[in-house]
Amino acid sequence: MNETEIRNLSIILELPPLSGTPQQIKQAELIRYEKLKQVPFFEANWDMFLNEVEARNIPDDTLIHLRQSNLSEFWIANSDLSFWQLLEYFS
């Protein structure tokens, strides 16, 4: 992936700009991209997403909270978590 792909996903998902130092923002944008790149698929297959959320016992509004996370430090500190673990973080 490149900066254009990262920027396009941010636009498609209407993600807020990240805050932090320029170095943190650059690193966090890449992490956020990797963690959220499957969201357009889930949005196109919402029933499948909701079934998985229910199976994992995660509130269905956690995706909203994850998408609104704009702190570079959050994305960097939690870079080892999977997409589903990040959702669980917000539950």
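Modeller: First, a polar contact is a pair of N or O atoms within 3.5 Å; within protein, one must be able to donate a hydrogen and the other to accept it, and residues adjacent in sequence count only if both atoms are side-chain atoms. This is a predicted model, where local features need pLDDT of at least 70, side-chain atom pairs count only at pLDDT 80 or more, and totals for chains, interfaces and linings use all residues. Residues are numbered from 1 along each chain as its sequence is written, and side-chain values use heavy atoms, leaving out hydrogens and water.

Colleague: Which backbone oxygen lies 2.6 Å from a polar atom of the K35 side chain?

Modeller: That of L81. The K35 side chain also reaches the backbone oxygen of S79, at 2.8 Å.

Colleague: And where is K35 found?

Modeller: In helix α2. Helices are DSSP runs (H or I, at least four residues), numbered from the N terminus.

Colleague: Which side chain of opposite charge is nearest to K35?

Modeller: D80, 6.9 Å away. K35 is buried but has no salt bridge. Buried means under 20% relative accessible area, exposed over 50% (1.4 Å probe, protein chains only). A salt bridge needs a side-chain nitrogen of Lys or Arg within 4 Å of a carboxyl oxygen of Asp or Glu. Lys and Arg count as positive, Asp and Glu as negative; His and the chain ends are not counted.

Colleague: Switching to α1. Which residues are buried there?

Modeller: I6, L9 and S10. The face turned away carries exposed I11 and I12.

Conventions: Helix = DSSP H or I, 4+ residues; strand = E, 2+ residues; numbered from the N terminus.
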